[in-house]
Amino acid sequence: MSFNYSSPVLDSITLLELYKGMLKSRMIEEKMLILLRQGKISKWFSGIGQEAISTGVTLALEQDEYMLPMHRNLSVFTSRKIPLHRLFSQWQGKANGFTKGRDRSFHFGTQEFKIVGMISHLGPQCGVANGIALADKLRNENKVTTVFTGDGATSEGDFHEALNVAAVWELPVMFCVENNGYGLSTPSSEQFSCTNIADKGIGYGMESHIIDGNNIVETYAKVREIAASIRKNPRPVLLEFMTFRMRGHEEASGNKYVPKAVLNEWALKDPLINFQQYLRSRNILSERKEVEIKKEFMDEIRENLDLAFKEDQVKSSLSEELNDVYQQFEYQQIKSNDKTSKIRLVDAISRGLYQSMERFDELLVMGQDIAEYGGVFKVTEGFVDVFGRERIRNTPICESSIIEAAYGLSVNGMKAVVELQFGDFVTAGFNPIINLLAKSHYRWGQNADVVLRMPCGAGVGAGPFHSQTNEAWFTKTPGLKVVYPAFPADAKGLLCAAIEDPNPVLFFEHKQLYRSVYQNVPDDYYTLPLGEAALLEEGDAVSIISYGAGVHWALESVKKHAVDADIIDLRSLQPLDEDCIYASVKKTGKAIILQEDTLFGGVASDIAAMINENCFEFLDAPVIRVASPLMPIPFAKNLEDIYLPKERFEKELLKLLAY
């Protein structure tokens, strides 16, 4: 098999560098396969036969440009000169790796080497690249972000969303698709019907190219040329690299599903062997030089493996592990002056967001219809006139990709607020919230400086798709913070604090309260701490614990029946003010927890269990939970009234008082 390596003309130093990049990757892989059989590493995803892509692309880029590789891109890491002992430690789950033993193989990132590691869901990488590139573009950095994915992942919605966003926003991203013929065992013919993956770029108005991924010279030269062009003229480009995976998806799966003739055909196209023969024919690589290079790499691999093997197994403690779930953040309260205005909850949120935009120059707000239109609830009305469309960004309808982009902005040092048009629509972006935002800091120390605004709640006749209050989906997810204010002053102070906090926060805003609840709210910027409940009323007969609209139902019932009660407005559900809850229950001896969400699996259930475990000897009655029934939220008002637990709460409260 012969490749055309003569065009374009590259100097001997560059050609040798390309050869060494592929060779080093191949030699490490061959050693890893031996260690895998010996049980010294747990899993391996082979890139043998595909080294030209990772090597050529990486060496064609600048060292300070972000790359988002996959699990078959070893040469991205080695070409960025990551010390091998750290890679080996990573693969053995040791502390000197990049995840402190918390994640395996290539599921890691490193800011030092400008690499953002993958998650197993594959497609979200593309959306993250968009956010990184957006930050570079806004700063006029003239950089290109490069993201890898496979032919199988191009079937995922995240891939298509990311290409569309990148095209609409003209982001400097190279989407590199390694078309190696199979997604695990499913051939390309069963994944897509278009002739080439590159053809998909046409539908997004995106430039695309097909590159021989086994030709290192073509790969390097073409990527270098395209990257230089993108830096001058920011835009996304889709690159399809034609190649083949010579081994199984991962070693345990094997490759018996591949016809023998196909394997033999691609074996003749081996990128390393063919390039090595070319260099020999040009007298660029002598046999002696080849032996020297291989010995150098063998020694380096052996020495670094020795370092990794000698390293102790990872040690930790529960407190250490818990301390890394969130980025440490020393909250410092910012107090307001005495000047206030009586405003609605929606106005308080708007002003808190506006003043946060003034405070943080690199804060972006993204969402559907939020620019000139001001969002469906008009929270950002007028913002675009002050902050411009670069920072107040209308988005396509693609929650998943926008949340991924928000994470990418955080990776590149910016802050993001994403408005979910309705909290119900968060289901379309569930994966990046749970698997990127929530786990990122624990996995590799990268925080997700993202706030998701979640308009939610029933009572406005919006029906099953626009009325959920789904906070419980997220309070059980380690790494997320969940805030749910009931009053305007709290909403403003907590939103400002959420934006200050470098961790991901879901900020729930009850739609029925938007324009029905007024309060005197400080005019200037201030913050309130996350995780501190508010004791609204004090009494000795019962502890009423609630949040959101439930707080107002509780206040009405207590006033109506002159109940001597503690009323606790949780305000923050994660972190939760357990001390406030326990102190109140120990005083009153009775507790009733009210939530709008459905009963089973809700926040009230956990709080009831916590009270039972920590305050049992103080209780004079069972802990009562009041919530909505296990059914979708109906549209008609009389049906919605049946759903909401307001009247049931009043009955249960009186029963508890009489117990």
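## Cysteines

A disulfide is a pair of cysteine sulfur atoms within 2.5 Å. Searching the whole of this predicted model turns up 0 disulfides. Cysteine 176 can't form one because its sulfur sits 9.7 Å from the closest cysteine sulfur, in cysteine 126, too far for a bond.

## Helices H1 and H7

H1 covers residues 12-37 and H7 residues 216-232; they pack at about 110 degrees with axes 11 Å apart. That makes the pair roughly perpendicular, a label for angles of 65 to 115 degrees. Helices are DSSP runs (H or I, at least four residues) numbered from the N terminus, and axes are lines fitted to C-alpha atoms over the stretch in contact, with angles from 0 to 180 degrees between N-to-C directions.

H1 passes H7 in a right-handed crossing, meaning the near helix is turned clockwise from the far one by less than a right angle. On the H1 side, Thr14, Leu15, Leu18 and Met22 make the contact, meeting Ile216, Val217 and Tyr220 of H7 (heavy atoms within 4.5 Å). By class, that's 6 nonpolar, 1 polar and no charged residues, where Leu, Met, Ile, Val and Tyr are among those counted as nonpolar, and Asp, Glu, Lys and Arg count as charged.

## Ground rules

Residues are numbered from 1 along each chain as its sequence is written, and side-chain values use heavy atoms, leaving out hydrogens and water. Local features need pLDDT of at least 70 and side-chain atom pairs count only at pLDDT 80 or more, while totals for chains, interfaces and linings use all residues.

Methods
Helix = DSSP H or I, 4+ residues; strand = E, 2+ residues; numbered from the N terminus. Parallel < 35°, antiparallel > 145°, perpendicular 65-115°, else oblique.
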